[in-house]
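Please keep the sequence and the 3D view at hand while reading.

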Amino acid sequence: MNKGQIKDGVNFLTKLTIRRTVNALRLLSSYYVSKSINSNFHSGNPISVSVEPTTSCNLQCPECPSGLRQFTRPTGMLKMDFFKETIDQLYKDLLSLTFYFQGEPYLNPKFLDMVKYASDKGIYTCTSTNAHYLTKEIAEKTIASGLDRLIISIDGTTQDVYQQYRVGGRLNKVLEGTKEIIKAKRKVNSNTPHVIFQFLVVRPNEHQVKEIKQLAQQIGVDVVKFKTAQIYDYENGNDLIPTIDEFSRYKLNGNGKYHLKNKLLNECWKMWHSCVITWDGKVVPCCFDKDAHHQLGDLRSESFSKLWKSDAYNQFRVSLLKSRKEIDICQNCTEGTKVWV
């Protein structure tokens with residue numbers, strides 16, 4: 001763990017209040033009780049939520065519904081008034097808020113206003129971006145918003161490799177934007193946001209693993225995170241599956257077929273402590289439900305507290321404990337497959 005990660009961890013802990021701590025303990029204890037009795041017992045409110053600023057994106061990445069324009073759900077922008085109403089219901093217990101699900105957050109013109117609103121409530125804030133919109137002005141506004149963590153997707157150290165996955169992207173824009181963020185932080189002597197280079201390891205870029213670490217160090221990025229790629233059609237192999245086993249979610253069987261390395265245990269902590277809210281107010285279980293097929297409620301017609309404890313939510317939690325392998329969005333789930341350096 002380097003100095004940047006330590007500072008980020010300390011910053012995260014400053015968001016804890018007595019109420020948030022008690023709520024987290026309630027969630028954790030209810031989760032273990034549920035596992036022990038193999039049935040839903042739930043107490044507490046979410047400590048971590050993801051909101052979707054927009055489904056729009058400027059890139060066309062393979063294996064991404066947003067990039068491939070394959071959503072069946074509508075495209076749109078999260079509205080500021082609705083965002084405020086939602087946060088006002090959650091902030092007393094909420095510890096962290098991720099401004100990302102699908103799409104590019106910086107395309108929403110109110111995105112940084114939303115970050116500022118959440119930051120002023122004492123919530124740890126995070127987002128993930130392809131960094132094509134980080135001009136000097138936007139970088140300075142990002143620092144001023146109080147954003148705590150900024151994940152920058154960079155899947156190559158040369159343009160020819162980068163564009164093989166980030167279709168339509170320009171590596172020089174990513175590097176320029178990152179440098180603007182670093183300069184803006186130093187200008188006001190700010191420890192935030194904690195800047196992460198996220199490198200999605202696929203076969204075309206796996207030879208650049210060492211190079212991305214060197215590049216991050218040269219620019220002043222706090223840490224590099226290597227992420228394994230989710231492949232939708234992996235069973236018969238795919239040109240994106242890395243040859244380096246450490247960075248692959250999948251393993252080749254003796255019969256020539258690929259299978260998911262992680263075992264699908266009948267449990268899921270996420271279903272007790274977090275959720276995802278789409279731009280138009282739908283609540284879904286987690287980030288694997290990209291097209292919002294498992295809608296557990298709609299915040300435009302009901303309160304979060306009612307939705308969070310609804311029969312639909314409770315039944316979904318029970319289904320995870322009974323037979324998680326039967327839930328489609330769980331079948332390609334690989335929690336814990338991220339490598340930090």
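The model is predicted: local features need pLDDT of at least 70 and side-chain atom pairs count only at pLDDT 80 or more, while totals for chains, interfaces and linings use all residues. Residues are numbered from 1 along each chain as its sequence is written, and side-chain values use heavy atoms, with hydrogens and water left out.

The protein has 12 helices and 12 strands; these are DSSP runs numbered from the N terminus, helices being H or I with at least four residues and strands E with at least two. Its radius of gyration is 20 Å, close to the 20 Å that the globule rule gives for 341 residues, so the protein is as compact as a globular protein of that length. The radius is taken over C-alpha atoms, and the rule is 2.2 Å times the number of residues to the power 0.38. Along the principal axes, the C-alpha atoms fill a box of roughly 55 × 50 × 40 Å.

Of the 341 residues, 54% count as buried, meaning under 20% relative accessible area, with exposed over 50% and partly exposed in between (1.4 Å probe, protein chains only). Among contacts in the protein with a separation of 6 or more, 69% are between residues 24 or more positions apart; a contact means heavy atoms within 4.5 Å.

Next come the aromatic rings. Rings of Phe, Tyr and Trp (its six-membered ring) pair if their centres lie within 6.5 Å; planes under 30 degrees apart count as stacked, over 60 as edge-to-face and the rest as tilted. By this rule there are 13 aromatic pairs. One of them joins Phe 99 and Phe 111 edge-to-face, at 5.7 Å centre to centre and 75° between the planes. This pair links distant parts of the chain, with Phe 99 in strand S2 (residues 96–99) and Phe 111 in helix H5 (residues 111–120), 12 residues apart. Phe 99 and Phe 111 are buried. Ring pairs also link these two with Phe 83, Tyr 106 and Tyr 117 into a cluster.

Seven of its 10 residues are buried, so H5 is largely enclosed by the rest of the structure. Those buried residues include Phe 111, Leu 112, Met 114 and Tyr 117. Their cover includes H4, S2, strand S3 (124–129) and helix H6 (136–145). Just after H5, Gly 122 takes a positive phi of about 80°.

Is Arg 73 buried or exposed? Arg 73 counts as buried because its relative accessibility is 10%. Arg 73 lies in the loop between helix H3 (65–68) and helix H4 (80–90). Leaving aside neighbours within four places in sequence, its contacts include Glu 52, Phe 101, Trp 279 and Asp 291. From Arg 73 to Asp 280 is 9.9 Å, C-alpha to C-alpha, although they are 207 residues apart in sequence.

Gln 198 is in strand S5 (residues 194–201), and with 9% relative accessibility Gln 198 counts as buried. Not counting residues up to four places away in sequence, Gln 198 touches Ile 151, Asp 155 and Lys 225, among others.
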